[in-house]
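Dear colleague,

Please find below the structure that I am handing over to you, together with its sequence. My notes on what was found in it follow directly after.

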Amino acid sequence: MVMIMNKSYVLPMVDISKLTSHKTSDRLEVSKALDQACKDVGFLYIHGTQFKPELFHQLVNTAQTYFAQNDNIKMQNYIGNSQNHSGYVPIGEEQFKANTYDLKEAYDINYDYLGLAERRPLVGPNQWPNDPQFKIHVQTYYQHIKDIGLQLFHAFALALGLEENYFDAHLQHAPSQLRLIHYPYNPEAVDSSGIGAHTDYECFTLLFTTAEGLQVLNKDAKWIDIPLIENTLIMNIGDMMEILSNGRYVATKHRVKKVKQQRYSFPLFFSCDYDYIIQPVVQTDPPKYAPLKGGEHLFNQTAQTFQYLKKRIEQGDLVLTNARPLDSFGMNETETDA
């Protein structure tokens, strides 16, 4: 494991190439490095021979073409019209705090489930633009990163003392979401926080981005900038992995600064199946967390940030069950290791 020094912050770099090795010892080696990085920091870089850089470049070109269209065309696929929370997210739709939003637009892609038996609020057919190339390129990238995510689930299982394929049975129709996010050029931007500080709701996130702006709350409760490193993905722990690991890993709060430059960001959020009960799988210590319905938590958190879902709640058309506040996980700015 290589360590990248960033002033007072040490950001781990984990080479995951050996996760494709047929040797158990090789996969255990990566698992150990991943475990250490997630336990110590919760935010890291990963790189490996599995990566296909051409798919990354193709996704950027696809996003640039899509977001260059006028708003009327993009709103034809407004996310509020979808069956599984997929589609175009206009500026201002997503708000972590009331009456505040970041200057960004997005297109959200979920697991494209075309069957009927496993339909859930976040599991169903995607809403796609009327552009076959968009669908092909986005799905190709989604599947590529999803395959890498499955390898990482295997590594986490080994790190937590489980059978290597433990998570496989719980990843059959997981509502893992890919977001294509566009931050337009903003000459009026000042160097301050943009998106409100938050943790990711799922197990872990793999992020590809084209420009800096991401900040992480470190264990000294200080916000630090995350530099870009070519041919890497940025990875972080989410709420569900904090629970699954019984607090061994802690969901990491992060935010995006307001910067002038145009920026594209492509996070893929990895979750388990909608009905899978998220609870500590580590048996060595007493459980620190109560069981949580994974899909329910994911949908509840989503419904507290998107305007079209908030309106349904206000109108009484949608009732949330067991909803937790958005800041229920991770360390707060006022906290320290002490």
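**Helix packing**

H6 and H7 lie roughly perpendicular to each other, a class that takes in angles of 65 to 115 degrees, whereas angles under 35 count as roughly parallel, over 145 as roughly antiparallel and the rest as oblique. This is a predicted model, in which local features need pLDDT of at least 70 and side-chain atom pairs count only at pLDDT 80 or more, while totals for chains, interfaces and linings use all residues. Residues are numbered from 1 along each chain as its sequence is written, and side-chain values use heavy atoms, with hydrogens and water left out.

The axes of helix H6 (residues 294-303) and H7 cross at roughly 95° and come within 8 Å; such axes are lines fitted to C-alpha atoms, for helices over the stretch in contact, with angles running from 0 to 180 degrees between N-to-C directions. Phe299, Thr302 and Ala303 of H6 make the contact with Leu309, Lys310 and Ile313 of H7, where contact means heavy atoms within 4.5 Å. By class, the residues of the contact of H6 with H7 are four nonpolar, one polar and one charged; Ala, Val, Leu, Ile, Met, Phe, Trp, Tyr, Cys and Pro count as nonpolar, Asp, Glu, Lys and Arg as charged, and the others, Gly among them, as polar.

Helix H1 (residues 24-40) packs against H4 at an angle of about 80°, with the axes 8 Å apart, and H1 and H4 are therefore also roughly perpendicular to each other. On the H1 side the contact involves Arg27, Leu28, Ser31, Leu34, Asp35 and Cys38, which meet Leu152, Ala155, Phe156, Leu158 and Ala159 in H4; these residues divide into eight nonpolar, one polar and two charged.

**Overall make-up and cores**

The protein has seven helices and 15 strands, taken as DSSP runs (helices H or I, at least four residues; strands E, at least two) and numbered from the N terminus. Of its 338 residues, 56% are buried, that is, under 20% relative accessible area, with exposed meaning over 50% and partly exposed in between (1.4 Å probe, protein chains only). Among contacts with a separation of 6 or more, 75% join residues 24 or more positions apart.

The largest nonpolar core has 85 residues, and those with the most contacts inside it are Ile46, Leu152, Phe156, Leu180, Phe204 and Leu206; a nonpolar core is a set of buried Ala, Val, Leu, Ile, Met, Phe, Trp, Tyr and Cys residues joined through side-chain atoms within 4.5 Å. Helix H4 (residues 132-159) supplies the largest share of this core, namely 11 residues. Leaving aside residues up to four places away in sequence, Leu152 touches Ile16, Leu19, Leu34, Ile46, Phe204, Leu206 and Met235. Another core, of 11 residues, lies apart from the largest one and includes Val41, Val216, Ile224 and Ile234.

**Aromatic pairs**

There are 18 aromatic pairs, counted where rings of Phe, Tyr and Trp (its six-membered ring) have centres within 6.5 Å, with planes under 30 degrees apart called stacked, over 60 edge-to-face and the rest tilted. One of them is the edge-to-face pair of Tyr78 and Tyr308, at 6.3 Å centre to centre and 70° between the planes. Tyr78 sits in the loop between helix H3 (71-74) and strand S4 (87-89) and Tyr308 in helix H7 (residues 307-314), so this pair ties together parts that are 230 residues apart in sequence; Tyr78 and Tyr308 are both buried. Tyr107 and Phe134 also form an edge-to-face pair, since their ring centres are 5.2 Å apart and their planes are at 65°. Phe153, Phe156, Tyr166, Phe167, Phe204, Tyr249 and Phe270 form one aromatic cluster.

**Backbone points to check**

Most residues other than glycine have a negative phi. Asn246, however, has a positive phi, near 60°, and lies in the loop between helix H5 (239-244) and strand S12 (254-258). Asn246 is buried, at a relative accessible area of 4%. Asn322 likewise has a positive phi of about 60°, but it lies in the segment after H7 and counts as exposed at 56% relative accessibility.

With best regards
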